[in-house]
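Reader: Please take a close look at one part of this structure and describe how it packs, giving each cut-off as you go.

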Amino acid sequence: MKKHVSLIRWMGQTIRRFTKWLYTLRHIFVALFVLGNSGLIFHTIYGLPINLWTLFNVRDYDQINASFLTNAPYFMLGVFIVMSSVGLFFRARISWMISFTLMLINIFYTAHIHPQQTHNIHYGIASLILLFMVRKYFSKSSVAAGSIFALISVITLLLTSTYGALYFGDGFNPKITSLLTAFYYAIETMSTVGYGDIVPISEPARLFTISVIVSGITVFATSATSVLGPVVHSGFERLVKGNSKKMDRTNHFIICGLSSLAINTIKQLTERKQPITVIVSPRIQQAAKDQLEGLDVVIGDYSDGAILTQAGVMNAKAVLALSDDADNAFIVLSAIELASSARTVALVNESKNINKVKSVNPDIVISPQQFASDILARLLNGESIDSDSIVASLLHSVQGLSEKEIKK
């Protein structure tokens, strides 16, 4: 009977660990799901009578049927989705923003140009909902993601400018009648060179040219900022603060999150001159620079095994999961999966989640809400509050410690 129970328990733990492993890879599934939209777009274009690839073999652009313009933006939309999906594999925030925008464009464009492709529309809506649901998970910023954003922005502007110049071709002197001339004019205007060989003479053409000039300046400035900004910022910080040394991450405490309890714990451990490594997300790190100044900080996802390893979990005294309840459970699971000898401490913010957090088997479970409510109930009931009753309340709310350890 005991063997049977042990087997069931082992199977349950294995399933939980496998589920946790799949959950840590959710960004890959999201990226692949979004990538499927480009596959549907390319399949739709392949089944249409206009073959975009024949454009590369055309010698006289004046003879091109203008109907290809309907499919070209759709084709490039598929290309952009592929590029943004690459950024999703790295959990880049900017790639999530681009992908979300492209999904909106994909849904409305398909509904307007190819309304018969209902499966494309439904799949796009599903992708949009999925991206919205996992938005908090994509929080990383990198030069690679900025480069993808810059490339997509430049190509989008180039296509818009080229097709726009061809569309308003009669409003220029000389008239723009070929794709190659439109492409040349787009490059010339986007770069604000303006040789003067092609001049807008009609009002629509002049307004279009103004929009291309303004967009070109904006896109190039934004692209340069997104690519060079992180590099310049890190270089400036090194110049001002100097090259900071990483702490020798052994026999230290790892604190995950920056909740009020985490901040006070950091303060107390710092006063006792205990070595601390704090793991925070990029957004929290940007918002709490003053509180993290002088601390050993690791930027990333608390529940990511690679981030915990970077923080030195294998040589740590304890891992303190002091974020929200869901993250705390995954932090403990990740530490256990890495077979770390560090003790795991999990904070429970809401009493209703205490059993769920306890199911991942942390060494210590702390529930301040439960402790406060117990003391308040004793006071309201007229019961005496002494050291023994406080210890009893602590034992009830801090599970995993003995009375002797708490009194210490």
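Author: A crossing is called left-handed if the near helix is turned anticlockwise from the far one by less than a right angle, and right-handed if clockwise. The model is predicted, with local features needing pLDDT of at least 70, side-chain atom pairs pLDDT 80 or more, and totals for chains, interfaces and linings using all residues. Residues are numbered from 1 along each chain as its sequence is written, and side-chain values use heavy atoms, without hydrogens or water.

Helices α4 (residues 93–113) and α5 (residues 118–133) have axes that come within 9 Å and cross at roughly 155 degrees (lines fitted to C-alpha atoms over the stretch in contact, with angles from 0 to 180 degrees between N-to-C directions; helices are DSSP runs of H or I, at least four residues, numbered from the N terminus). The two helices are therefore roughly antiparallel (over 145 degrees), and α4 passes α5 in a left-handed crossing. Residues of α4 including Trp 96, Phe 100, Met 103 and Ile 107 meet a set in α5 that includes Ile 121, Ile 125, Leu 128 and Leu 131 (contact being heavy atoms within 4.5 Å).

Val 34 touches Ile 81, Ser 85, Leu 88, Met 103 and Leu 131, leaving aside residues up to four places away in sequence.

Technical notes
Angles under 35 degrees count as roughly parallel, over 145 as roughly antiparallel, 65 to 115 as roughly perpendicular and the rest as oblique.
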